[in-house]
Amino acid sequence: MDNKWKKFLEELPSSPGVYEFYSKENHLIYIGKSKNLRSRVRSYFNPSQNWKKAKRMIDHIHRIKITPTHTHLEAQLLELHRIFYKKPLFNHQMKNDRRLSYLNFDDERLVITTSKVPGKHHIGPITTSSRLYALLENLDKIQPIRKDYQFDYHVIGEGMDKNERILSYDHLKQILTDPEELTLFRFTLKEKMNQASRELNFEKAIFYRDLNTQLQTVHNFLIQRELFAKKDYVFCYPHKIIWIHKGIMMHGIPYKKDVPFEHQIESLCCLTPIEVKEKIYKYHRDIVYREFVNLKDSCIIPLNKQ
């Protein structure tokens, strides 16, 4: 390891943050984030490093800039913004939003797109479209869905006239947009799975089981996130508290042990809300939601009960 880097790496903080690699020509070639800046940046200079991208970059690194943060959440969001606007050579993730997908409710059918359809109800965004395509393929095999969840499994989708198609779509839309309806529908799937097993129709039983699992995943990942995005929270960390407004990180202030916590929350939420541009909003909310899922319940304070 070059002596220049050895001293620099030894002095790096072990806090979360963002790092940027620049070439000799001062071109930004890579942006990354880590829970531990010292450990992560040092790993690029490790001779046993097996990451191909790191090996390609290492000879081009002439200068390193670091930006420490109080929390990993802040580091992730800072990385997101910088990659979007600076577009470093070796970064591919988050340069565009083509990998994001929405489940849009068109007039008579469900459509998977890479953007929201204006004026239409949607679920998303989700970062992997394959999950949605697999779900729609299986939903086609139980249509038409009639009143009170009357449906059956067809290896090849059953033909429907226009009225049947509209009614089936309306029932499906209600199921996928109402958590209570989705819970009841999944209960019906479980009953049908058990019945098929008793009849030794294992192909049908496996189908119902897989569809139920797909719906559980979509429910957890999409619908619960939609509910999360309607509320305000405060995320509490050892040295900072952060205000989350409708799925977006608004502001953070240092936590002060000698100031009543209620007063700190009041001061935090009186700050002017920030705006997140549409291009970044989808990713921003994904990152905040993942933090919401991973934080301990004791570190999350809901500010309303909508």
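1. How many residues lie between E1 and E2 in their hairpin? There are 5, and Asn 26 in that turn has a positive phi of about 70°. Before going on, some ground rules: this is a predicted model, where local features need pLDDT of at least 70 and side-chain atom pairs count only at pLDDT 80 or more, while totals for chains, interfaces and linings use all residues. Residues are numbered from 1 along each chain as its sequence is written, and side-chain values use heavy atoms, with hydrogens and water left out.

2. Strand E1 covers residues 17–22 and pairs with E2 in the antiparallel sense over 6 bridges. Strands here are DSSP runs of E with at least two residues, helices are runs of H or I with at least four, and both are numbered from the N terminus. Two strands pair if DSSP finds at least two bridges between them. Tyr 19 has Gly 32 in E2 as its bridge partner. Strand E2 (residues 28–34) is mostly covered, with 6 of its 7 residues buried; buried means under 20% relative accessible area, exposed means over 50%, and partly exposed is in between (1.4 Å probe, protein chains only).

3. Asn 26 sits in the loop between E1 and E2 and is partly exposed, with a relative accessible area of 46%. Tyr 149 is in the loop between H5 and H6 and is buried, at 15% relative accessible area.

4. The loop between H5 and H6 also holds Pro 144.

5. Now the helix pair. The axes of H6 (residues 162–177) and H7 (residues 179–198) come within 5 Å and cross at roughly 105°. Axes are lines fitted to C-alpha atoms, for helices over the stretch in contact, and angles run from 0 to 180 degrees between N-to-C directions. H6 and H7 are therefore roughly perpendicular to each other, the label for 65 to 115 degrees; under 35 counts as roughly parallel, over 145 as roughly antiparallel, and the rest as oblique. On the H6 side, Gln 174, Ile 175 and Thr 177 meet Pro 179, Glu 181, Leu 182 and Phe 185 of H7, where contact means heavy atoms within 4.5 Å.

6. Which residues touch the most other members of the largest nonpolar core? Ile 142, Leu 176 and Phe 185 do, in a core of 31 residues. A nonpolar core is a set of buried Ala, Val, Leu, Ile, Met, Phe, Trp, Tyr and Cys residues joined through side-chain atoms within 4.5 Å. At least two residues each come from E4 (101–105), E5 (110–113), E6 (122–126), H5 (129–140), H6, H7 and H8 (202–228). H8 gives the largest share, 7 residues. Leaving aside neighbours within four places in sequence, Ile 142 is in contact with Phe 151, Asp 152, Tyr 153, Phe 185, Phe 207, Tyr 208 and Leu 211. There is also a second, separate core of 28 residues, including Phe 235, Tyr 237, Tyr 283 and Ile 287.

7. Next, the open sheet: 4 strands in the order E9-E8-E7-E10, with antiparallel pairing. E9 (248–254) and E10 (300–302) stand at the edges with a single partner strand each, so one side of each is left without a neighbour in the sheet. On average, neighbouring strands are turned by 20° against each other, direction ignored. Helix H9 (residues 261–269) lies across E7, E8, E9 and E10, running at about 50° to E8.

8. Strand by strand, E7 (residues 232–236) is joined to E8 (residues 240–245) by 5 bridges, and Val 234 stands opposite Trp 243 in E8. E8 and E9 are joined by 6 bridges, with Ile 242 opposite Gly 252 in E9. The hairpin of E8 and E9 has 2 residues between the strands, and Lys 246 takes a positive phi near 55° there.

9. Last, Pro 302, which lies in strand E10. Pro 302 and Lys 231 are 71 residues apart in sequence and 7.5 Å apart in space, C-alpha to C-alpha. Not counting residues up to four places away in sequence, Pro 302 touches Asp 232 and Tyr 233.
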